[in-house]
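Open the model in your viewer and keep the selection tool at hand. The stops below go from the whole chain to single residues.

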Amino acid sequence: MEGADVRVIQGGGSLRWENADPRNGGQPDLSERQELGGILEEIHGDVYRDNCRDASRLPTTLRERLDGPNKLCAMTPGEHVPFPRALDWSQLPEEHVAAFERDGAVCLRQLINPEEVELLRCGIESNLRHLSPRAKIASRPEDPGRFVEDFCCWQENEYYRRFIFGSPVGAVAGLLMQSNTVRLYHDHMLTKEPATRQRTPWHQDQPYYNIHGRMNCSMWISVDPVGRDSTLEFIAGSHKGPWLMPRSFMSNEAKWFPEGDLANLPDIEAAREDYPILGWEVEPGDVVCFHMLTLHASAGVPGTGPRRVFSVRFLGDDITHAPRRWATSPEFPGLTDDLPPGAPMDHPLFPVMWKRS
Ligand SMILES: O=C(O)CCC(=O)C(=O)O
């Protein structure tokens, strides 16, 4: 979710799942998962190639983020290395590419395998236990569940990084966008605790961002089953435009484009039958792909379990830097010192992760 006017958490929150281990202070028991992470490293370690980066040319604000305590960000991907898998996604069926182009959203069933789902589950749990200073609570205090978001954590979260650079998501984004090159843009964790009532209101993502261009793709990946009532929904074809006014989700303020610069969103919920709404019940392994201009929204979740989602966003050939006069969501502090307006997103924060061969 972009642009919520929300309270910032300055460090680890104390999240409690219904299945949390009381011996562990109510936190999820990660010991088995951590062990699994080690096993995954052993099995798949050789598919990751580490490149050292030259962080010295980065402005201080970026360097601070890139040179965090564990310096894990020193790893960037080399070329895309195929991940061992049961399904061959190297040739994406034409109908999926056509659906993405036509509707601005498509669900790819079982694109990622159980090991990759487990990497993400570990990544989200680790993220929830060590929230970044960018994390937000996007629900009201009286809501029975919290809506927790965090942004741009791939440099600090080894699970995320392994998933992003080791799974087929980058290659599939390239095929969907019909691009020759794919850059990582950023990651976004969106967890709704059990019984969260907070809706994610209808919005487009790109008006909150600092990019110009049409070749882009986000992937919304839930590690929990999500029913049709709680899933992410889309207005088919809305990615063809126009850009609509981005507003803060809870106070409905225009904090990005000045009031009047863009048309306001219609009240879609009040007239749902008038819109071509798409949405898929999903199982872990399914990946919902969408364009950053496609209008999307989701409801709250039932009390039966959390809805833990990882959204990862990719950029194609025509994307250039569009610095704004306001703080974008997410923000990339100091980036304008490195990338002039209109420049390709050629920067260590946005590594190339796939090239068409
Ligand atoms: O998960 C949600 O509720 C919203 C997701 C979203 O807005 C996004 O991934 O861009």
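Start with the whole protein on screen. Among contacts between residues at least 6 apart in sequence, 84% join residues at least 24 apart. Bear in mind that this is a predicted model. The protein has seven helices and 15 strands, and buried residues make up 43% of its 357 residues.

**Stop 1: helices H4 and H5**

Select residues 114-129, which form helix H4, and residues 158-166, which form helix H5. Two packed helices are described by the angle between their axes and the distance between the axes. Here the axes come within 7 Å and cross at roughly 150°. Angles over 145 degrees count as roughly antiparallel, so H4 is roughly antiparallel to H5. The crossing of H4 and H5 is left-handed.

Now show the side chains where the two helices meet. On H4, pick Glu116, Leu119, Leu120, Cys122, Gly123 and Ser126. On H5, pick Tyr159, Tyr160, Arg162 and Phe163. By class, the contact of H4 with H5 has six nonpolar, two polar and two charged residues.

Stay with H5 and bring back everything around it. Is H5 largely enclosed by the rest of the structure, or largely open? It is largely enclosed, because eight of its nine residues are buried. The buried residues are Tyr159, Tyr160, Arg161, Arg162, Phe163, Ile164, Phe165 and Gly166.

**Stop 2: the largest nonpolar core**

Next, select Leu120, Ala173, Met219, Val288 and Cys289. Within the largest nonpolar core, which has 70 residues, these five touch the most other members. Helix H6, residues 169-177, gives the largest share of this core, with seven residues. Leu120 was also part of the contact between H4 and H5.

Center the view on Ala173. Leaving aside neighbours within four places in sequence, which residues is Ala173 in contact with? They are Val182, Cys217, Met219 and Phe314.

**Stop 3: Ser139**

Finally, select Ser139. Ser139 lies in the loop between strand E3 (136-137) and strand E4 (147-151). Is Ser139 buried or exposed? Ser139 counts as buried because it has 25 C-beta neighbours inside 10 Å, where 20 or more are needed.

Then draw a line from Ser139 to Thr196. The two are 57 residues apart in sequence, and their C-alpha atoms are 8.0 Å apart in space.

Methods
Residues numbered from 1 in each chain as written. Predicted model: local features only at pLDDT ≥ 70, side-chain atom pairs only at ≥ 80, totals over all residues. Core = buried A, V, L, I, M, F, W, Y, C linked by C-beta atoms within 7 Å. Buried ≥ 20, exposed ≤ 12 C-beta atoms within 10 Å, placed from the backbone. Helix = DSSP H or I, 4+ residues; strand = E, 2+ residues; numbered from the N terminus. Contact = placed C-beta atoms within 7 Å. Axes fitted to C-alpha atoms, helices over the stretch in contact; angles between N-to-C directions. Parallel < 35°, antiparallel > 145°, perpendicular 65-115°, else oblique. Left-handed = near helix turned anticlockwise from the far one by under 90°. Nonpolar A, V, L, I, M, F, W, Y, C, P; charged D, E, K, R; others polar.
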